[in-house]
Amino acid sequence: MQVNVIRNQGETLSKLLKWGFLLIIAIIMLFPFYWAFITSFKPQAEVVAKPPIFFPKNPVGLANYKEVFSRIPLVTYYKNSLIVAAAVTVAKLFSSSLAGYIFAKYKFPGSRFLFILILTTMMIPFQVIAIPVYLLFNEFQLLDSLWALIVPNLVSAFGIFLMRQFIISIPTELMDAARIDGCSEFGIYWRIVLPQCGPALSALGILVFMHSWDDFFWPILALETKGNFTLPFGLHTFGAFTGFTYYTHLLMAAAVLSIVPVLIFFLFAQRQFIEGMTMTGLKG
Amino acid sequence: MRKLSLIPGTWNNWRITTQSQKTLFILMSLFPVLALFILFTIYPVFRALDVSLRDWNLIEKVHPYNDFANYTWAFKDDTFWISMKNTIIFTIAHVSITTLMGLILAVFIFSLKQPWKGLMTTIVFLPVMTSLIAISLVFRDLFSTVTGPLNYLFRFVGLGPYNYLGDGTTAMVSLIGFTVWKGLGIYVVILMAGLTTIPRELLEAASIDGASEFQSFLKIKVPLLVPTLIYVIVTGTISSLQVFGQIFVLTGGGPGTATRTLVIHLYEHGFQFFEMGRASAVAFILFVLIMIITIIYLRFMREQFEY
C-alpha cells in the first residue's frame, strides 16, 4: 500500500511538471503572434511606450491596416505571390505525377539511372545554381518578371520521388484493364492513375505551394521593380525602408495581413500538411 | 521488330498496343521533365563551377580564367572564415537544441489524450507554417530595445536587459533562439510519427516490469527513434548550413560580422559587389560541404535505403 501512495505522489508531481512545461511552451509559441496582433491595433504613440503595452489602451481599429494598403502595394504583392505559387504548384504536381507514374510502372533501359540522377539533384543546394540561373535569365533579359520566378521551378525531384513511391502501390491490373478497354497510355495516367493519387497530390501540393509562397532568396535576386515583388520581398522592403522603430504598428499590421490568410488555410489543411511532412521523414 | 500484344478490344475488335506507343508516351512525358532538370539543375552546377574559376564581374564583358584565384581568395579571406565559423556555430547550436527539445516535446505531446494532443501539435506547428520573412519582422520588433517587450518580461525572471540584435553575442543567440522557435514544430511532428512505430506492447511490458517513464524513455523510445533522430539531425544540419532569410532581415549579418553566415557572405559578394566568380566559389565550397554530409548520411542509411 505504501508503495502505491508514493508512486501516486511521484506521478502527480511529474504530471504537474509535464503540463507546466507544455504550458510554457505553448505561451512561447503563441506570444509573438499575440504581440503582432495587438501591436497592429496600437496608435503610433503606444508603440514606443515604456513599459511596453500588452493591451492597447486606445486601439485604432483598422486605421493601421488601411494605412498599410495606402503605403505599399500589398494587393500587388499578394497577387504576384499567388500567381507564382499557383503556377509552380500546378506545374510541379503535373510533372511529378507524370514522371513518378512512368518511373513506377514502366520498365525501360536507363530508367534506374535516370531516377537516381533525378534523386541526386535533391542534394544540390539552391545557392549553387542560383548564380548560373541568374546569369542565364540575365542573358535572355528575363529577369525582373514573374517568369523568372516560375520557369526555374516547374519540376521537383522530391515530388517525383514522392509520387513514384505512392503510385507503386496502385495495382497494375487497373492499368492493364484500361488498356484492354482501349485507353491510350496518356489516358491511363490521366483517367486512372491520377484520380487515385489524391492524398499524395494534396500533401505534395501543400508543401510546394508553401515553399513557393515563402520563397525569399531567389526573388530578391531576380526581381527589381516593386510591381513585381512577391509578398516576402515586399514585406522586407517595407520593413527596411520605413525605419522600423516608428512604424512598427504599420509593420505589424502588414505582417498580420501576411500571416493570417496562410494560417487559416493551414488550420483547414493541417492534417494533410502534417501527413505530407511526415511522409518525407519515414520510409514508405 | 515491334513487340505486339494482342488484346481483345471492345466494339472495334482487336486492338494492338505496340511497344512503340508506350515508348512514345515515355519519351514525350519524360523528355520535357528531363530537359527542365538539365537546364535548371544539372547544367547550372557545371556552369557554377566554371564561373567560380573565372574573373567574373557582372559589369565587365570579359571573363578570363584566373587559375583558382577565387578559391585562394576565399580561403585567405578573414570574412570567409568568420562566416564559416558563424555558420557552424549556428548549425550545431540550432540542431542540437531543436533536436533535444523536439524529442522531449514529442514524447510529452504523444502521451497526451485528444483533444490536448491535437491542440498542442497545432500550437507547436504554428510557427512552422508562418511566412519566414513576416514573422522575422515581428521578431525584429520583439527584439527591439525601443519597442520590444522582451527586456521588460525578462526582468521578471531576473535576466538583465539585453541588446538583442545590437550586440555580437546576443545577436547570434537571438537568431538561434528565433530559428529554434520557428523550426521546433517540424522536428516534433516527425519525431511523433517515429514514435507511432514503436509497438505498444513493448512499452506496456516495460511498465509492467516496473520501469519508470524516464527509464522507458531512455532505454526504449530513444534507441528505437535513432533512425528518425538521425534523419532529423542530418536534414536539420543541411538546411541550417544554408540559413539566410532571418539573418538578412534581422541583422543583415551584423553587428559587424557577428552573425554573418556563408550564404550572407555569398550574397554580398555576388549581388552587392557583383563579383559572381567569387560568390560562385563560396557557393561551391558550401555545396561540397553539404555533399560530404549527405554522402555520409546515405552510406550510413544504405541498408535501409531501398530503390
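The model is predicted: local features need pLDDT of at least 70, side-chain atom pairs count only at pLDDT 80 or more, and totals for chains, interfaces and linings use all residues. Residues are numbered from 1 along each chain as its sequence is written, and chains are lettered from A, ligands numbered from 1, in the order written.

Chain A has 14 helices and zero strands. Helices (H or I, at least four residues) and strands (E, at least two) are DSSP runs, numbered from the N terminus. The C-alpha trace of chain A spans about 80 × 75 × 35 Å along its principal axes. In chain A, 38% of the 284 residues are buried, that is, with 20 or more other C-beta atoms within 10 Å of their own C-beta, placed from the backbone.

Now the contact between the chains. Chain B supplies 76 residues and chain A supplies 70; residues are in contact if their C-beta atoms, placed from the backbone, lie within 7 Å. On the chain B side, helix α1 (residues 19-52) gives the most, with 17 residues.

Follow α1(B) itself. Its 34 residues should span 50 Å at 1.5 Å a residue, and its end C-alpha atoms are 46 Å apart, which agrees. The expected span is 1.5 Å times one less than the number of residues. Buried residues of α1(B) include B:Leu30, B:Phe37 and B:Pro44. Their cover includes α4 (74-105), α5 (111-120) and α6 (126-139) of chain A, together with α2 (69-76) and α12 (276-300) of chain B.

Key:
Buried ≥ 20, exposed ≤ 12 C-beta atoms within 10 Å, placed from the backbone. Contact = placed C-beta atoms within 7 Å.
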